[in-house]
Amino acid sequence: MLQNTGKLAGCTLFITGGSRGIGKAIALKAARDGANIIIAAKTAVPHPKLPGTIYTAAEEVEAAGGKALACIVDIRDEQQIGEAVQKAVDKFGGIDILVNNASAINLTGTLETPMKKVDLMLGINLRGTYLTSKLVIPHLLKSRSPHILNLSPPLNLNPIWFKNHTAYTMAKYGMSMCVLGMAEEFRGQIAVNALWPKTAIQTAAMDMLGGDGIGKQCRKADIMADAAYAILSQHKDYTGHFLVDEDVLRAEGIKDFDQYAVQPGHPLLPDFFLDDAPETLVQKMEEHGATPAFKPPPSASSSSSGPIESTFDAIRAVINEDVVKATQGIYQFDLSGDHGGVWFLDLKNNPGGAGQGPPPIKADVVMTMDSGDFSKMFAGELKPTMAFMSGRLKIKGDMTLAIKLEKLMNRMKKAKL
């Protein structure tokens, strides 16, 4: 764990959605320095399914060594935010740090998402973040160590992160766009950054999305709290960054990440908006006993997604431990032409995997070619070696893996017979 240094002692943090999960973990980390924490959230009475209230969180903050102010706040309500901000200033003399943590999630497609849910996500994630920032910024401008930290992802514009849940992605990226804009608007005055987890974090929201089996594939919220602490300890000139928790902590000298795992040693589930495609996340969740509440709709199946997705469906069908053991390589395919895009094939880590987007681990070989030639290659109509020699295939990395790939193609050909 990242050790506290005392840098946040006496600082006042306004944390939205701070009654549980990552928000509360950040509050407790800062409290150990002796910080003042405003818990701004809606849960004033115990929820039948979710742990904690603003008052129990405030008690934990004070037990950890900080001072707390619990405020009932729906961040869609300008008056409630304004009153909470004023209470914070009256009690602690100002605000130094804003953590925009509150968020709503609903992973459904355009036709399946009621407008009530759309309004909720846009109202909390985008508008709520913007509004809270707007009302807190005048006080941050008076601070010696002003920070805004949004818990939102890098702006990855790969369409795979839009196609299954456009409304959620729009709302979540709205938080990230606040970082992009405000960091530049207040450069030299306020540090404005975003933080996102590399892996799934065990929270009430994740339990809802993955069911009882999801926990062992997650890290604890402590990793996000430690990363947030490191960011908030920086000078105000450290701004405009889209940060991932593990990268932040590696830079701080942390090497043991098993300490953050719910079940050390168990395979971890990558979080959204980074490298693994949604289909791959679903596959990994199901492999380890989770029951994902989100799945790509039937329209995303190979019957309507084109020849490349169909080819990858055939590839997935023949991947097993023997293939992985014999190959020991991670492939990245950069395809051009009518069905261009980036795809990966993991034949190095059991149980293997394949999907759209870059591989979750650096590729051992990158193969660049036309999408039509790719389909022909896996249909047995074009050998990789011949494609390479004729200039139709460019290979960067381990050349022997191209030869090994022919064995997989032969397996696929036999499977068709």
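This is a predicted model: local features need pLDDT of at least 70, side-chain atom pairs count only at pLDDT 80 or more; totals for chains, interfaces and linings use all residues.

Trainee: How many aromatic pairs are found in the whole structure?
Mentor: The search finds 15. Rings of Phe, Tyr and Trp (its six-membered ring) pair if their centres lie within 6.5 Å; planes under 30 degrees apart count as stacked, over 60 as edge-to-face and the rest as tilted.

Trainee: Why is the pair of Phe312 and Trp343 stacked?
Mentor: Their planes are at 20°, with the ring centres 4.7 Å apart, so the pair counts as stacked.

Trainee: Is Phe312 buried or exposed?
Mentor: Phe312 is buried, at 0% relative accessibility, and Trp343 is buried at 6%. Buried means under 20% relative accessible area, exposed over 50%, partly exposed in between (1.4 Å probe, protein chains only).

Trainee: What about Phe374 and Phe378?
Mentor: They form a tilted pair, 4.8 Å centre to centre with 45° between the planes. Both Phe374 and Phe378 are buried.

Trainee: Which residues do ring pairs link into a cluster?
Mentor: The cluster consists of Trp161, Phe162, Tyr168, Tyr173, Trp196, Phe272 and Phe273.

Trainee: Changing topic, where does the charged end of Lys29 sit?
Mentor: It sits over the ring of Tyr229, 5.3 Å from the ring centre. This requires NZ of Lys or CZ of Arg within 6 Å of the ring centre and within 35 degrees of the ring normal.

Conventions
Residues are numbered from 1 along each chain as its sequence is written. Side-chain values use heavy atoms; hydrogens and water are left out.
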